[in-house]
Amino acid sequence: MSAHLYPKSYDVIVVGAGHAGAEAALAASRLGCETLLLTQNLDTIAQMSCNPSIGGIAKGQMVRELDALGGEMAKNTDATGLHFKTLNTGKGAAVRSPRAQCDKKAYQFRMKEVVESQERLDVKQDEAARAWTSGSRVRGIETKRGVRYEARAVVLTTGTFLKGMAHVGLHSYSGGRASDPAAELLSDDLRALGFSVDRMKTGTPMRVNARSVDFSACEPQPGDDPPVPFSHFSERIETTQLLCWLTHTNDLTHRIIQDNLDRSPLYSGKIKSIGPRYCPSIEDKVVKFPHHRRHLLFLEPEGWRTREIYVNGLFTSLPEDVQLTLVRSIRGLEKAELMRPGYAIEYDFCPPTQLKPTLETKAVEHLYFAGQLNGTTGYEEAAVQGFVAGANAALKLQGREPLVFGRDEAYIGVLIDDLVTKGVDEPYRMFTARAEHRLLLRSDNADLRLLERGAALGLVPLEMRDRFRRYRALVEAKLAGGGADEDEDALRPWTLAKAEAQAEIQSYYAQYIVRERRMVERLRRLDQVAIPESYPYAETLGLLNEAKQKLDRVRPRTLGQAARVPGVTPADIQVLMIQLEKRRRSRRLESAPACAPLVP
């Protein structure tokens, strides 16, 4: 059946309405583009498919960076959070990270309302079947129902839906997540367009009924009092806060798992793709770390109006009867009733070295990828990619400068540079250890680093920008030993106390920050040496064959990016530096005017 053309043409189409898709669509429409958000199910916009939490180690920093730029995730968290906790408070400021447990339905419904209320943003329910292209340029999307939507740019944020396959024990079924159908057509179309497509795995633990849990046998885990907002634009948290609880596995739990590995899809060979190293299943923990006699489990409420408890740390795809037996071996959960079993899910993704730092694909102009399609895991990693892809799609259409971050500017920059330069061989999760300049990338200074860029984009209200500038001037005055005559009301939601705390942190780490900035300047020199897009690596004498192959695949933009490509040695960079200088001198001589003839 031939497709029919929808009568309205769009500037940007975003496919998928998870955390990446919502931020992409909001960014593009708020930047003035007529945008379409296309999703399989309007009832699952921004659904929290796994843990209803936002933030965590390094992830919290990214959410605050996104907020400073004008994203929505932090505001949504503050409006729906039920347990706020700053992690690593006993350590230095560089690794302190905010985290919040949210009401999963409240989070989803508020984001749905924000998306559906946004000007210049249409939201429609259908499945994208293929990217509509003309030559090497995207023209829009064709849907499963046979509708063609025309657009000047497309952002794909497909999550775990591309040929998704869920596993509970040895029972497997097609699905993008529990109870949702997989998207079976789009990844084949991407292959036909020349993209490399591979498989990954992730998973989620079981949920138990709170009425069946003996909380008196568990250790209470209170949140911060008072809770600290995620968003720079929130003055306080108004929502009711709930407790989380701590328990742990034991020898019996581990024995049950060992006795049933033959029924595990992970260990029976049914699942062949690689899962996240830093969020492993309980099966992996027991098998790979047999010397650990117990593993911590956190019992986390999923909302104010539900009795579902998320058993954080008990990720599993064992059969449902085994899940019930093992969960009942745990202190406090001896009478637990499963409401949903844990499961694993495999899905298609596209290795991200096929992308530019703007998240535009190299093969098809104006086509952008974001989120788990790029091999990442986590709501936060998805959201910041969605924002960058949606913003860059709009900025390119408007002829404006692209939004690209250095590794010293934001965790967002570290994430995207890692993806497009190094690629992934397992689901990528952000950690503070991935950032070589993490002392500069603290959660407390995300506004000082990035809010002016959000304002320059036009995504931060002018009133808030002006209040932020007063706050920044106050921090600088306090660092210089000056006083403060600022009116507290004029600063809100920034406060005098916040300015004092910021000045104290900067003063305490002053010597280290100076040293870090010197290192940044040295590394930045390499990033200022541009490499032509068509540079002939294969013909460059002196480069190792491995370097030739990997540089040709990644096509780094700068010498600094080339130095970060795995397999490229310092000697390779020296060769490149010499060859680039020779090319530069050659071009300079070619462009020089001819000498005037000698006059006798």
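Good morning. I begin with the second largest pocket, which has a volume of about 870 Å³. Please bear in mind that the model before you is a predicted one.

Which elements give two or more residues to the lining of this pocket? They are strand S5 (81-87), strand S6 (97-102) and helix H14 (496-508). Of these, H14 gives the most, with five residues.

The lining as a whole comprises 34 residues. Those that lie nearest the centre of the pocket are Arg64, Val228, Pro229, Asp444 and Lys498.

I turn now to the cysteines. How many disulfides does the structure hold? The count is zero. For cysteine 102, the reason is one of distance: the closest cysteine sulfur, in cysteine 244, is 11 Å from its own sulfur, which is too far for a bond, because a disulfide requires the two sulfur atoms to be within 2.5 Å.

Is cysteine 102 buried or exposed? Its relative accessibility is 0%, so cysteine 102 counts as buried. Cysteine 50 has a relative accessible area of 18%; cysteine 50 is therefore also buried, because the cut-off for that class is under 20%.

Conventions: Residues are numbered from 1 along each chain as its sequence is written. This is a predicted model: local features need pLDDT of at least 70, side-chain atom pairs count only at pLDDT 80 or more; totals for chains, interfaces and linings use all residues. Side-chain values use heavy atoms; hydrogens and water are left out. Buried means under 20% relative accessible area, exposed over 50%, partly exposed in between (1.4 Å probe, protein chains only). On a 1 Å grid over the protein atoms alone, a cavity is a set of points where a 1.4 Å probe fits but cannot get out, and a pocket is an open set with protein on both sides within 12 Å along at least five of seven lines; lining residues have an atom within 4 Å of a point. Grid points are joined across faces, edges and corners, and a volume is the space filled by probe spheres set on the points. Helices (H or I, at least four residues) and strands (E, at least two) are DSSP runs, numbered from the N terminus.
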